[in-house]
Amino acid sequence: MIQVNGLTKDYGARRAIDNLTFDAEQGEIVGFLGPNGAGKTTTMRILTGYMPPSDGTATVAGYDIMEESLEVRRRVGYLPETVPLYNDMTALEYLKFMAELRHIPDTEERAYETLEGVNLTERANSYISTFSKGMRQRMGLAQALIHRPEVLILDEPTIGLDPAQVVEMRKVIREIGKDRTVLLSTHILSEAQQICDRVLIINKGKIVTEDTPENLQSRLVGAQRVILRVRGDSDGLSGKVSKVKGVRAVESKPDGSVEFEFGAGEDARPQVAKTIIQAGYELLEMRAVGLSLEEIFLELTRDNAPGKKSS
Amino acid sequence: MRNIWTIAKREYNHYFISPIAYVVAFIILFTEGIYFTYIISFYSQQALFGGMQAPDITPINWLFVFLLVFTTPAITMRSLSDEARTGTLELLLTAPIRDYELIIGKWLGGLLFVLTILAVTLVYAIIMNSLVTPGIDQQLMISSYLGVILAAAALLALGVGISAIFTNQIAAFFATFGLFFILWFMMGIFGNLVQGSGAQVFQYLNISAHFSDALNTGSIKLSDLVYFLSLIALGLFTGTTAVEIRRWR
Ligand SMILES: Nc1ncnc2c1ncn2[C@@H]1O[C@H](COP(=O)(O)OP(=O)(O)OP(=O)(O)O)[C@@H](O)[C@H]1O
Ligand SMILES: [Mg+2]
């Protein structure tokens, strides 16, 4: 459904995406995971016909994005990063306008159907300017769904939503993704893992790794950053901790605590605890903190990551 | 065609919730109303003293175009620049419509708005027609209104074209107004300053020369029609190109 081949985009001298190659099958939900500036939005804008690539090709729903841009746009639903809404329109007017642009025969009926799909039926006649952030996000999704597209491209669909709405949005997307191809972008690893059939991790314009959530999970399992706190003097603590097998990136913090990481599949915590108690420290706290996205990239691309070891 | 109409309808409706559009409509209709009252009283006084001249609609239509030179920049400034600012341009540029359909739709919506105001001023023509026997000069009236419509279409096309270049609507306003000021006021002055073919070029570019001294005097000449149609084409082409350049950046 989506085939991307060597896609490259330069903004002046800055290369935003560099030789991307990937594909997405029908009925597949593919997650685009990456930190700020990774090139997610740029890729999506190229696939939706908003702008041309500097190099490379792509086909969406069987049509070339450059040669047959209008055919591609007819078959793609797109939720841009900044949700494109007209504040002076009501929800119904807005969707009718979008339906008309898509040459849908009964615009009013379709608009109502779509509003129902995103739970906004009661607000059909409210002005969009009165909508909350979450409602605006759902309006944006409704606009992308109005023509029942074969391919959906969603740029950070859950950003700015409260936890309950995030869950709701994810449910809607999974429902849509049953029979359609969905490409969505996110910063959140757990989100990509929950919704997607496959995750592409992208950083600085390049695909770092590509895998199913299960495999990613097993490559990451246990890889964690831990904060350690002892009563009183913590002199020499970091030295002791760093000698434990599997521990790395040990850092003494100004407040006396010590942070360290251990790699996937080598949970060093029991050994660390044993070591410092034997050394006479009084252990107050040992707490795992999530890895940042940057750290996850490092983790996933380490040469000795377990996921790669097996191959 | 259908896409153009969808965009034009949206644009047209948008004017009816826009304060600026109401201000523009008010300025035009109010000024025209005062001017019309003045003309009628002037000619009726003349008639009392045996004056034979019958009034016609051309001063009213001249004023309409004159006011458009100042107000069109305000009508068109947000046309595309606002879409770019709020991000809805991304919606339109990823919808299955061609760039020129978007620009023509925007222009058509603006033109229909101005024609709506113009339709209101038809009242003056009707009143005048009833006051004068045997009625006002039909051919002059047709030529004059054709001139107004062409001039409005040309100004709006240039305004929409410039609006497509800018993301900031104030910048779009001043660029448009600057261009109209040059085309309406400065060309005649430049034309008087230089001699020979240079003067002819300036005279040819002068909007006033093709409206006030031509169509609005009852003479329908091909060259004047070509002039306005060229301006319309130039404006729409500029707009379409600006959108395309935006994509490539
Ligand atoms: N219009 C533009 N002009 C110049 N550079 C741009 C433009 N848009 C994006 N970039 C650059 O391209 C790179 C990729 O940006 P992009 O918006 O695709 O990232 P992203 O993955 O969507 O990030 P985020 O998570 O912050 O949305 C960045 O370095 C950015 O500065
Ligand atoms: Mg982005």
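Does A:Thr41 count as buried or exposed, and at what relative accessibility? In this predicted model, A:Thr41 counts as buried, at 16% relative accessibility. The magnesium ion (ligand 2) is coordinated by OG1 of A:Thr41 together with OE of A:Glu81, at 1.8 to 2.5 Å. A:Thr41 belongs to helix α1 (residues 40–47) of chain A, while A:Glu81 sits in the loop between β6 (76–79) and α3 (91–101) of chain A, so the pair ties together parts that are 40 residues apart in sequence. A:Glu81, at 37% relative accessibility, counts as partly exposed.

Stepping back to the chain as a whole, chain A contains 12 helices and 14 strands. Of its 311 residues, 53% are buried. Its C-alpha trace spans about 80 × 45 × 35 Å along the principal axes. Chain A is divided into domain 1 (2–81 + 150–217) and domain 2 (222–290), and the centres of these two domains, taken over C-alpha atoms, are separated by 39 Å.

Strand β3 (residues 29–33) of chain A runs parallel to β9(A) and is joined to it by 4 bridges; here A:Phe32 stands opposite A:Leu200. With strand β10 (residues 206–211) of chain A, β9(A) pairs in the antiparallel sense over 5 bridges, and A:Ile202 has A:Ile207 as its bridge partner. The hairpin of β9(A) and β10(A) has 2 residues between the strands, and A:Lys204 takes a positive phi near 50° in this hairpin.

The C-alpha atoms of A:Phe32 and A:Ile188 are separated by 9.9 Å, although the two residues are 156 residues apart along the chain. A:Ile188 lies in the loop between β8 (181–186) and α7 (189–195) of chain A and is partly exposed, with a relative accessible area of 38%.

Turning to charged contacts, 27 salt bridges are found over all chains. One of them joins A:Arg198 to A:Glu210, with the closest N and O atoms 2.5 Å apart. This pair links strand β9 of chain A, which holds A:Arg198, with strand β10 of chain A, which holds A:Glu210, 12 residues apart. A:Arg198 is buried, with a relative accessible area of 12%, whereas A:Glu210 counts as partly exposed at 36% relative accessibility. A:Glu285 and A:Arg287 also meet in a salt bridge (2.7 Å, N to O); A:Glu285 counts as partly exposed at 24%, as does A:Arg287 at 37%.

Chain B has its own example. B:Glu11 forms a salt bridge with B:Lys106, the closest N and O atoms being 2.9 Å apart. The pair links helix α1 (residues 2–15) of chain B, where B:Glu11 is found, with helix α6 (residues 99–131) of chain B, where B:Lys106 is found, 95 residues apart. B:Glu11 is buried, with a relative accessible area of 1%, and B:Lys106 counts as buried at 2%.

Finally, B:Val23, B:Phe26, B:Ile27, B:Phe30 and B:Ile34 form a nonpolar surface patch with about 490 Å² of accessible area together. B:Val23 is found in helix α2 (residues 19–48) of chain B.

Terms used:
Residues numbered from 1 in each chain as written. Chains lettered and ligands numbered in written order. Predicted model: local features only at pLDDT ≥ 70, side-chain atom pairs only at ≥ 80, totals over all residues. Heavy atoms only, no water. Domains from an automatic or database assignment. Patch = residues over 30% accessible without salt bridge, like charges linked within 9 Å, V, L, I, M, F, W, Y side chains within 5 Å. Areas by Shrake-Rupley, 256 points an atom, 1.4 Å probe, with all protein chains shown as cover. Salt bridge = Lys/Arg side-chain N within 4 Å of Asp/Glu carboxyl O. Pairing = 2+ DSSP bridges. Donors = N, O, S within 2.8 Å, 3.2 Å for Na, K, Ca; no water. Buried < 20%, exposed > 50% of the residue type's maximum accessible area, 1.4 Å probe, protein only.
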